[in-house]
Amino acid sequence: MLGGAKPKGISLHIGLNRVDPVHYAGWKGELVACENDARDMETIARSQGFVAQSLLTKAATSTALLGVIEKAAKELIEDDFFLLTYSGHGGQINDVNNDEPDGLDETWVLYDRELVDDELYAMWSHFRPGVRIFVLSDSCHSGTMTKTMFLNPASYLPRLEARVRASAGENLRPKFLPPDVQAKIYKERATLYDDIRKKTPRREKVNVESSVVLISACQDNQVAMDGTKNGLFTGTLLRVWDKGSPVATTTSVMKSPPSCRRPRAQNTRSWAVGSGLSNTKDRSRSLCRTLPLRPENRRNWFSLGART
């Protein structure tokens, strides 16, 4: 690759203020700020030179999302960047591939159906080696739930309600699919979801040669919250990034007060995968930073600065 050529950045921003009750057993999943989250993240991405688009509520279907990712995978090459942000409900569903220790797969609750985490994982293998992928997920599932609880959630609900009360504040709403609703959906749609997982390769058979880092809104035992203007996680990111201001460098982000970086009841959860994150030093550095997209910071893993 010739030095000085600028990498390409493509971004996709998902925001759902409700879902289709036809698929979700009559549940609408109404939220307030998720479309704003997507629009604000798209604005930041465009200001940094990304080719950006959003899929909002009815447009945020599984077919549309997977189609945009597939198109990006075909276009991007080494050192290019794909940014994916999601704001909406998270869920869990029975794991038929037996690749989750708790017997459940995590999901994004899209308009037409849930998108299983294994589907996203498989998509990363479509990207060329050296492509950098960064995923921000402003959602949560009902965490630390077991397969037994999933199939019979009644005994689990009091504990979950206590967690919600501990996290909730004025005008805040939890961003997960309630376990009792999730169990009902799976009973009605088991054939659909079982077929999706059977057609999706097991993770140990997926070869990811791109570099993927995901940061989600909270730990498994916490609850991500929706607000009136932005989700609590996205709103915090916007303040830290100063809505894309050139002064929001890695240094300024790391020196920002912990109360600004982390909502009180939400501590971010992270993971990384891919051959581009081949050693512990690179991986820990990528995970520990809240990351700007400005090209001025040429050393940043997430920069659109010139290729080297």
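# Close-up views of a predicted model

View 1. E114 is part of strand β6, which covers residues 114-116; helices (H or I, at least four residues) and strands (E, at least two) are DSSP runs, numbered from the N terminus. This is a predicted model, in which local features need pLDDT of at least 70 and side-chain atom pairs count only at pLDDT 80 or more, while totals for chains, interfaces and linings use all residues. Residues are numbered from 1 along each chain as its sequence is written, and side-chain values use heavy atoms, with hydrogens and water left out. E114 is buried yet has no salt bridge. Buried means under 20% relative accessible area, exposed over 50%, and partly exposed in between (1.4 Å probe, protein chains only). A salt bridge is a side-chain nitrogen of Lys or Arg within 4 Å of a carboxyl oxygen of Asp or Glu. For E114, the nearest side chain of opposite charge is that of R113, 8.6 Å away; Lys and Arg count as positive and Asp and Glu as negative, with His and the chain ends not counted. The side chain of E114 does make a polar contact with the side chain of T107, at 2.6 Å. A polar contact is a pair of N or O atoms within 3.5 Å; within protein, one must be able to donate a hydrogen and the other to accept it, and residues adjacent in sequence count only if both atoms are side-chain atoms.

**View 2. The salt bridges of Arg197.** R197 forms a salt bridge with D105, the closest N and O atoms being 3.1 Å apart. This pair links distant parts of the chain, 92 residues apart: D105 is in strand β5 (residues 104-109) and R197 in helix α6 (residues 179-199). R197 also forms a salt bridge with D194, where the closest N and O atoms are 3.3 Å apart. D194 and R197 both lie in helix α6, three residues apart, about one turn of the helix. D105 and R197 are both buried, and D194 is buried as well. A search of the whole structure finds 10 salt bridges.

**View 3. Helix α2 and its two sides.** Helix α2 has 14 residues and reaches 20 Å from its first C-alpha to its last, close to the 20 Å expected at 1.5 Å a residue; the expected span is 1.5 Å times one less than the number of residues. The buried residues of α2 are S62, L65, L66, V68, I69, A72 and A73. Seen down the axis of α2, these buried residues fall within an arc of 155°, so they line one face of the helix. The arc is that of the directions from the helix axis to the C-beta atoms. On the other side of α2, T63, K71 and K74 are exposed.

View 4. K71 forms a salt bridge with E75, with the closest N and O atoms 2.5 Å apart. Both residues lie in helix α2, four residues apart, about one turn of the helix. K71 is exposed, with a relative accessible area of 52%, whereas E75 is partly exposed, with a value of 31%. K8, K71 and E75 are linked in a network of salt bridges.

**View 5. Two loop residues with positive phi.** Most residues other than glycine have a negative phi. A25, which is not a glycine, has a positive phi of about 55°. A25 is found in the loop between β1 (9-15) and α1 (34-47) and is partly exposed, with a relative accessible area of 23%. The C-alpha atoms of A25 and K187 are separated by 9.9 Å, although the two residues are 162 apart along the chain. K187 is found in helix α6 and is exposed, with a relative accessible area of 66%. T57 also has a positive phi, near 45°. T57 lies in the loop between β2 (51-56) and α2 (62-75) and counts as buried, at 6% relative accessibility. A polar atom of the T57 side chain lies 3.2 Å from the backbone nitrogen of N17.

**View 6. Cys34 and Cys140.** C34 is buried, with a relative accessible area of 0%. C140 counts as buried too, at 7% relative accessibility. A search of the whole structure finds zero disulfides, a disulfide being a pair of cysteine sulfur atoms within 2.5 Å.
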